[in-house]
Amino acid sequence: MNQLNAKRPSEEIRNRVRLLNLLISFVIVSFIFVIMRYVYEPLGSVLGFIPDSFMAVIVVIAVFISFIGLYISRLLTGQVVQIIEDYSNRLNYVFKITEDIRQEIYDDILLDKIMISSINITRSDAGSILLADDDNLVFKIVKGSRSQDFLGSVIPNDRGLCGWVFSNGEPLITGDVGKDDRFDLAADDITGSRTGAMLYLPLRTKSSVIGVIGLANRKSDSYSERDIEIAGYLANHAAISLEMARFHDDQRNYEIHLTDILLDTIDRFIPQKYGHSKRVAKYANIIAKAAGFSEKRQRRLYFASLLHDIGFLKIFPTESNDKELFMLHPTTGYEMLSPISFYRDIAPFILHHHERYDGMGYPKGLKGDEIPAESRIIFIAEAFDTMASKLSYKDSTSVEFAVSEVEKNKGTQFDPEFSDIFLDYISQTLQSGRLPVF
Ligand SMILES: [Fe+2]
Ligand SMILES: [Fe+2]
């Protein structure tokens with residue numbers, strides 16, 4: 001462990017306990033000596049040459065030391081209780097915050113949470129998180145009086161205190177490090193981190209160090225070993241969460257771009273259905289929003305709606321009038337998407353998007369609530385768009401026909417609750433003089 005000026009509270013307590021033991025031993029030895037001199041006859045005669053006045057001094061010192069011992073023991077108990085309480089409070093906080101950051105998948109929110117909790121847990125008054133980018137460390141988040149000066153700035157990843165922590169993967173506590181020749185301090189001039197007590201923690205994953213957390217404390221002389229233990233635990237979890245957030249970010253990126261490519265392919269492959277998937281996704285989103293779906297569920301449903309007809313990519317357009325082949329498209333779509341990790345959760349919505357509410361649909365003949373809510377919504381949105389676009393997208397007669405069909409078949413073909421939500425939206429849009437098609 002590399003550190004300067006680090007004080008271990010456990011070491012201080014151990015020293016006091018040693019002193020207490022010494023005092024108690026002295027008192028015990030003194031009283032045994034007095035007892036032997038005055039109570040135990042055989043030794044009393046041997047020790048008789050010691051004058052009474054000297055024995056009185058020993059007794060007075062022993063009594064005096066007993067009082068000091070009592071005082072130290074009280075002080076020590078108070079200190080130990082305080083340390084245990086403080087430690088347990090900080091541990092509770094760390095456990096709570098690590099749970100919270102583990103569930104966070106957005107990079108910027110995650111960085112903010114890590115920064116605030118590191119500052120709180122170490123009672124610091126400023127801090128920064130630097131992440132590796134090629135051969136540099138970039139200030140991704142900075143809290144404190146000069147935060148705007150540093151945000152976004154870059155330092156080489158092998159220079160200064162941060163560089164040292166990054167390269168060695170070791171925590172570091174500093175006081176006045178101006179005289180320490182282990183560090184190339186030129187890079188620290190930019191951060192002003194030569195002054196006051198600083199604590200640096202590596203953000204270490206299983207395979208590498210991805211960054212550094214820097215904390216500054218101007219209220220206290222230095223950080224302690226406990227700060228390294230507790231904040232280090234937090235930093236280890238933070239590094240794993242940051243790596244996970246990056247992974248999720250990459251996944252979102254793939255998902256968005258791959259969906260776009262697939263959507264474009266569907267539209268080109270089935271030109272007679274051009275724009276169908278996007279319109280279905282918009283209708284489905286209107287229903288989901290009005291039904292109170294969470295943002296995450298709305299987002300998953302949106303992607304499922306965009307790709308609900310992907311199974312047609314494996315059915316030639318000339319064959320799509322064949323009813324048996326047509327009925328295969330939900331299963332084919334499911335089989336195409338379920339092996340892809342970021343589509344796996346939406347594949348079942350596609351599998352069941354032709355199940356009827358009364359159980360007469362396909363491919364499984366599921367009924368009512370057995371059918372995923374997302375599939376029931378896609379079914380309404382898809383049927384509405386197919387009917388409304390039969391004549392022309394901008395023709396009000398087609399819309400009226402589609403509305404009457406949904407109305408007529410709600411409770412048998414379509415989920416009645418979602419149908420009502422959708423029909424409400426259509427009638428409100430029509431009342432405002434607009435056509436409810438996209
Ligand atoms: Fe469709
Ligand atoms: Fe379909």
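Reply: Leaving aside residues up to four places away in sequence, Val165 touches Glu170, Pro171, Leu172, Tyr200, Pro202 and Val212. The model is a predicted one. Val165 belongs to the largest nonpolar core, which has 42 residues. Val165 is among the residues with the most contacts inside that core, as are Cys162, Leu199, Tyr200, Val212, Ala235 and Ala238. Helix 7, residues 225-269, supplies the largest share of this core, seven residues. There is also a second, separate core of 37 residues, with Phe303, Leu306, Ala381 and Ala383 among its members. In soluble globular proteins, nonpolar side chains tend to be buried together.

Helix 7 also contains Gln251. Gln251 and Ser341 are 90 residues apart along the chain, and their C-alpha atoms are separated by 8.9 Å.

Next comes a helix pair. Helix 9 (residues 295-306) packs with helix 13 (residues 373-388) at an angle of about 50°, and their axes are 10 Å apart. The two helices, helix 9 and helix 13, are therefore oblique to each other. The crossing of helix 9 past helix 13 is right-handed. On the helix 9 side, Leu301, Ala304 and Ser305 take part, and they meet Glu374, Ile377, Ile378 and Ala381 of helix 13. Sorted by class, this contact of helix 9 with helix 13 comprises five nonpolar, one polar and one charged residues. Ala381, in this contact, is also listed in the second core.

Terms used:
Residues are numbered from 1 along each chain as its sequence is written. Chains are lettered from A and ligands numbered from 1 in the order in which they are written. This is a predicted model: local features need pLDDT of at least 70, side-chain atom pairs count only at pLDDT 80 or more; totals for chains, interfaces and linings use all residues. A nonpolar core is a set of buried Ala, Val, Leu, Ile, Met, Phe, Trp, Tyr and Cys residues joined through C-beta atoms within 7 Å. A residue is buried if 20 or more other C-beta atoms lie within 10 Å of its own, exposed if 12 or fewer, and partly exposed in between; C-beta atoms are placed from the backbone. Helices (H or I, at least four residues) and strands (E, at least two) are DSSP runs, numbered from the N terminus. Two residues are in contact if their C-beta atoms, placed from the backbone, lie within 7 Å. Axes are lines fitted to C-alpha atoms, for helices over the stretch in contact, and angles run from 0 to 180 degrees between N-to-C directions. Angles under 35 degrees count as roughly parallel, over 145 as roughly antiparallel, 65 to 115 as roughly perpendicular and the rest as oblique. A crossing is left-handed if the near helix is turned anticlockwise from the far one by less than a right angle, and right-handed if clockwise. Ala, Val, Leu, Ile, Met, Phe, Trp, Tyr, Cys and Pro count as nonpolar, Asp, Glu, Lys and Arg as charged, and the others, Gly among them, as polar.
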